[in-house]
Structure formats: C-alpha cells, structure tokens
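Me: I would like to go through this structure step by step. Could we begin with a contact between charged side chains?

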Amino acid sequence: MSHDDEEDPLDFEEWDPDSSSFVAHMVAGSIAGVAEHTIMFPVDTLKTHVQCDRCGKIAKPGISLPGLNGCVHALKTMVKSQGLQRLYRGVGTMFMACIPSHAAYFSLYEYSKAKLGANQPGHHPLAAATSGVVSTLAHDSIMTPMDTVKQRLQLGYYRGIRHCVMHMARHEGFSAFYVALPTTLLMNLPFGAIMVTSNESLKTLLTGPSGERDIFTYLAAGSGAGAIAAAATTPLDMIKTRLQTQHMSAQ
C-alpha cells in the first residue's frame, strides 16, 4: 500500500462515509476542539499575558517582561494570589464557541467540497482551497468574538463572560468583537497551509527504510508541523491579541 493511499489516523478533518456518519464526524471534531483548547488553556493564558505586555492586571507598571521571563512572572503572580484555577479564568468561552464553530467548519467544509467538486476523482486544488477558505471563515467568525472575551477575562478584567459581553457592547459597540477578524483570517489561512505542508514533509522524512509508519511517526510529524506553523504566524497572533485587548491598557 502506498503512503498516498494509507489512511492517516490523525487526519480528523477528512470524513470517510464508510467509517462513520457525518454527524458522528462533526461531533467528534467538536469534542476534539473543546479538549484541545481546555488542555492548553493555562498555556494560552500565559501567552496572552506576555503578548499583551503591560495591559494585564498583574503587569508591573513601566516594566516589560517579554518571553520566558514574562511567562514565569505571570505564572508566579497568578498562582500565588488565586491558585491554579486562575490559569483557567475564561475557559467557559471555549465551551461556548468550540462546539458551534467546529460544527460550522466541518459542515461547510464537506458541503462546499461536494458543491465545488473537490471530492470527485482527480486533482482539484482550487476547489479544495476554496472549501478550506469558506469553512475557515465560518469557524473564525464564530470563534473571534468569544476569543476576544476570553483574552480580556484571562487578563483579569470583568466579573465574567456576561459582564464582559454587556460592557463591550455598551461601551465599544458590536464591532469590538470583530476588530481582529481580518488579522485572525490572515493568520489562520497560512497557518493551515504551513501546517499541512510541514506535516506531509515530516511524515516522509521520518518514515523508516521499511516504509512503515506507526502512531509515533504521525505524532512527531504533527507536533513538528504545529511548531513550525505557530512560529511562522506568531507575529500575526501578537497583533491579534493587541487588537482584542487594546482598551485594557487604559483601565
């Protein structure tokens, strides 16, 4: 069996009608999204504090603590004052956003592939790319408002999700929830392209002389591809955070 015909056990975005129903595929993808964001949420909280620099409530006035020093300072300050649960402040936004955003992503991805002919025999790169753009736009349109709320809560502002949403709507307007959407799209579209390209390249590189690939090959390739894509798009992620929290430094 060639590698092109081999089923990738980590390729959860591709739906195989012979292996499961579309509803099961969509639900599994949503659960995976919730698990991913929840497990990595403490790290994401630290990242938000470092990227926002001086606008967080634990920031040292007039002192910039970038990189690892910023992470260590944020971790020590939050855990010492409020315990480990402080690292999960705002995690409820992910439960509220991940399920509908992933459901929209998988639904539109499969629907657009069928309508544009991307799932027909042969090579259809334009149709596949268009399907990816449409599904990413739907996903990010749902995630971006809650990501804005999430980052503000991570920084220590507002009493909760409802208070943040009401305050933003009243004082900043509806557009404040989507101010970073263009940057988010500009980040996520190349992120996906780099991720897929790196993953395929690393799988080929890590395949042994026997030509067999085990789960560790897929895990190593996926981890490496994620690191490469994240490194390439971090500057845009920084801009996104600054846009979504730009009013916080004045509070």
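Reply: Arg 152 and Glu 172 form a salt bridge, with their closest N and O atoms 2.7 Å apart. A salt bridge here is a side-chain nitrogen of Lys or Arg within 4 Å of a carboxyl oxygen of Asp or Glu. Arg 152 lies in helix α5 and Glu 172 in the loop between α6 (161-171) and α7 (181-206), so the pair ties together parts that are 20 residues apart in sequence.

Me: Before we go on, what kind of model is this?

Reply: It is a predicted model, in which local features need pLDDT of at least 70 and side-chain atom pairs count only at pLDDT 80 or more, while totals for chains, interfaces and linings use all residues. Residues are numbered from 1 along each chain as its sequence is written, and side-chain values use heavy atoms, with hydrogens and water left out.

Me: Is Arg 152 buried or exposed?

Reply: Arg 152 counts as buried, because its relative accessibility is 1%. Buried means under 20% relative accessible area, exposed means over 50%, and partly exposed lies in between (1.4 Å probe, protein chains only).

Me: How many salt bridges are there by this rule?

Reply: The count comes to eight salt bridges. One of them joins the side chains of Asp 44 and Lys 47, at 3.6 Å from N to O.

Me: Where do Asp 44 and Lys 47 lie?

Reply: Both Asp 44 and Lys 47 belong to helix α2 (residues 41-52), where they are three residues apart, about one turn of the helix. Asp 44 is buried, with a relative accessible area of 17%, whereas Lys 47 is partly exposed, at 28%. Helices are DSSP runs (H or I, at least four residues), as strands are (E, at least two), and they are numbered from the N terminus.

Me: Which residues are linked in a network of salt bridges?

Reply: The network links Asp 44, Lys 47, Asp 147, Lys 150, Asp 237 and Lys 240.

Me: And what about Glu 110 and Lys 113?

Reply: The side chains of Glu 110 and Lys 113 meet in a salt bridge, at 3.7 Å from N to O. Both residues lie in helix α4, three residues apart, about one turn of the helix. Glu 110 is buried, with a relative accessible area of 11%, and Lys 113 is buried as well, at 8%.

Me: Changing topic: how do α4 and α5 pack?

Reply: Helix α4 (residues 92-116) and helix α5 (residues 125-154) pack at an angle of about 170°, and their axes are 7 Å apart. Axes are lines fitted to C-alpha atoms, for helices over the stretch in contact, and angles run from 0 to 180 degrees between N-to-C directions. The helices α4 and α5 are therefore roughly antiparallel to each other. Angles over 145 degrees count as roughly antiparallel, under 35 as roughly parallel, 65 to 115 as roughly perpendicular and the rest as oblique.

Me: What residues make up the contact of α4 with α5?

Reply: They divide into 18 nonpolar, 10 polar and two charged. Ala, Val, Leu, Ile, Met, Phe, Trp, Tyr, Cys and Pro count as nonpolar, Asp, Glu, Lys and Arg as charged, and the others, Gly among them, as polar.

Me: How far is Thr 93 from Met 146?

Reply: Their C-alpha atoms are separated by 5.8 Å, although Thr 93 and Met 146 are 53 residues apart along the chain. Thr 93 is in helix α4 and is buried, with a relative accessible area of 0%.

Me: What is the secondary structure of the whole chain?

Reply: The secondary structure comes to eight helices and zero strands. Of the 251 residues of the chain, 39% count as buried.

Me: Last one: which residues form a nonpolar patch on the surface?

Reply: Val 23, Val 27 and Ile 31 form that patch, with about 270 Å² of accessible area together. Patches are made of residues with over 30% relative accessible area and no salt bridge, with like charges joined within 9 Å and nonpolar side chains (Val, Leu, Ile, Met, Phe, Trp, Tyr) within 5 Å. Accessible areas come from the Shrake-Rupley method with a 1.4 Å probe, and for residues only the protein chains shown count as cover. Ile 31 lies in helix α1 (residues 22-39) and counts as exposed, at 55% relative accessibility.
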